[in-house]
Amino acid sequence: MPQILVSEVGPRDGLQSIAAVMPTPAKLRWIGALAAAGLREIEVCSFVPPKLLPQMADAAEVVVGARELPGLHVAALAPNLRGAQAAFEAGAAKVTLPVSVSEAHSLANVRKTHGQMRDEVAAVVALRDARFPGVTLEAGLSTAFGCTLAGRVPEADTLRMAVAMAQLGVDEVGLSDTTGYANPAQVRRLFRALRAELGARAGGAHFHNTRGQGLANVVAALEAGVDTFDASQGGLGGCPYAPGATGNIVTEDLVFLLESMGLDTGIDVDALMAARAALRDGLPGEPLYGHVPDAGLPKGFTYAREAA
Ligand SMILES: CC(=O)SCCNC(=O)CCNC(=O)[C@H](O)C(C)(C)COP(=O)(O)OP(=O)(O)OC[C@H]1O[C@@H](n2cnc3c(N)ncnc32)[C@H](O)[C@@H]1OP(=O)(O)O
Ligand SMILES: CC(=O)CC(=O)O
């Protein structure tokens, strides 16, 4: 039975996009409930200056707490060498480096040109290789499908950046639709090209649902062979440095889509609702999105693992 990895990014992408600060114990309760629902990988935080994103000031504590959850692959985002070192030292199993294909977004997001960001990635790879060899490094290519600052992003630019990152020694290169510009035809084409160029180093898909194309883009990525998808509980999310960025595809809806298509996620939707309650308790008043949470599972729904 085909298996798909749903990688939950709500505690990072979701919380970075809102002003309220979720207290550390509430974050850990939510992350625990997500893991109990079957999420095997969770991006629990980012290692960024607390002055910029106060929501992430407790990043190290959150990684340490999440590592207590048996079997969970604890992931974190780091925008630079300093952040990556802190993530490695806290014990993250995977670190994602946000590398923008659009240089305008790179300057807005990490305050670096492409050349400076390449140097930063090289330094992170060198540190990982020297002192933290077990950690997986992903370059997540932001604005891979288009950018609200630069407009159209040529597909050749995305592929060139992907190859450059693989050559620098990251383990995976994923493609992110930061501001909801992607369409299914483009997604199918770009992921096929990425997989042809990078083979096993071609990573997963990270879609925002800004223009309602998120789940259609998932189906197109599946057709291109992608088996790892980021998603955010309640559809929270959005880059604070990309104008017009809004939430990620909703974890609850993604799991329903995949399971209905006979693809095993290992995730239980009822248990996801308990995690949603933990999120709501930690962030009272924050609107949460999702069709499946509103409508419920259809009568007679079966998980791929039960149908097999
Ligand atoms: C598409 C997405 O959703 S990506 C995720 C969302 N975006 C982000 O999280 C933004 C990430 N960007 C950033 O954090 C910043 O732009 C940086 C850190 C990468 C670069 O900013 P710069 O101002 O150029 O950093 P610089 O190296 O000059 O350091 C500025 C200050 O931050 C501190 N700092 C730098 N990096 C870090 C870090 N990773 N963690 C904590 N503090 C840090 C420095 O020590 C310095 O502190 P000081 O003012 O007290 O001396
Ligand atoms: C790091 C991310 O959150 C990816 C993106 O949306 O560009």
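Residues are numbered from 1 along each chain as its sequence is written, and chains are lettered from A and ligands numbered from 1 in the order in which they are written. Because the model is predicted, local features need pLDDT of at least 70 and side-chain atom pairs count only at pLDDT 80 or more, while totals for chains, interfaces and linings use all residues; side-chain values use heavy atoms, with hydrogens and water left out.

Side chains of opposite charge can pair when their charged atoms come close. The structure contains 15 salt bridges, a salt bridge being a side-chain nitrogen of Lys or Arg within 4 Å of a carboxyl oxygen of Asp or Glu. One of them joins Lys-94 to Glu-138, with the closest N and O atoms 3.9 Å apart. Lys-94 belongs to strand β4 (residues 94-100) and Glu-138 to strand β5 (residues 136-142), so the pair ties together parts that are 44 residues apart in sequence. Helices (H or I, at least four residues) and strands (E, at least two) are here DSSP runs, numbered from the N terminus. Lys-94 counts as buried at 6% relative accessibility, and Glu-138 counts as buried at 10%.

A second salt bridge is formed by the side chains of Arg-276 and Glu-252, at 2.9 Å from N to O. This pair links distant parts of the chain, since Arg-276 lies in helix α11 (residues 269-282) and Glu-252 in helix α10 (residues 251-260), 24 residues apart. Arg-276 is buried, with a relative accessible area of 5%, and Glu-252 is buried at 0% relative accessibility.

Asp-264 forms a further salt bridge with Arg-305, where the closest N and O atoms are 3.8 Å apart. Asp-264 is found in the loop between α10 and α11, and Arg-305 in helix α13 (residues 304-307), so that distant parts of the chain, 41 residues apart, are linked. Asp-264 is buried, with a relative accessible area of 8%, whereas Arg-305 counts as partly exposed at 32% relative accessibility. Elsewhere, salt bridges that share partners join Glu-41, Lys-94, Glu-138 and Glu-172 into one network.

Helix α10 also carries a group of buried residues. Eight of its ten residues are buried, so α10 is largely enclosed by the rest of the structure. The buried residues are Thr-251, Glu-252, Asp-253, Leu-254, Val-255, Leu-257, Leu-258 and Glu-259. Their cover includes β1, α9 (214-223), β8 (228-231), α11, α12 (291-295) and α13. After α10 comes Gly-262, which has a positive phi near 85°.

Gln-3 lies in the segment before β1 (5-8) and counts as partly exposed at 46% relative accessibility. Gln-3 and Thr-265 are 262 residues apart in sequence, yet their C-alpha atoms are 6.0 Å apart in space. Leaving aside residues up to four places away in sequence, Gln-3 touches Asp-227 and Asp-264, where contact means heavy atoms within 4.5 Å.

Two packed helices are described by the angle between their axes and the distance between the axes. Axes are lines fitted to C-alpha atoms, for helices over the stretch in contact, and angles run from 0 to 180 degrees between N-to-C directions. Helix α4 (residues 81-90) packs on helix α6 (residues 114-131) at an angle of about 25°, with axes 9 Å apart. This arrangement makes α4 roughly parallel to α6; angles under 35 degrees count as roughly parallel, over 145 as roughly antiparallel, 65 to 115 as roughly perpendicular and the rest as oblique. The contact involves Leu-81, Ala-84, Gln-85, Phe-88 and Glu-89 of α4, together with Glu-120, Ala-123, Val-124, Leu-127, Arg-128 and Arg-131 of α6. These residues divide into six nonpolar, one polar and four charged. Ala, Val, Leu, Ile, Met, Phe, Trp, Tyr, Cys and Pro count as nonpolar, Asp, Glu, Lys and Arg as charged, and the others, Gly among them, as polar.

Helix α6 also packs with helix α7 (residues 155-168), their axes coming within 9 Å and crossing at roughly 30°. His-114, Arg-118, Val-121, Ala-122 and Val-125 of α6 meet Met-161, Ala-164, Met-165 and Leu-168 of α7. By class, this contact has seven nonpolar, one polar and one charged residues.

Note on methods:
Buried < 20%, exposed > 50% of the residue type's maximum accessible area, 1.4 Å probe, protein only.
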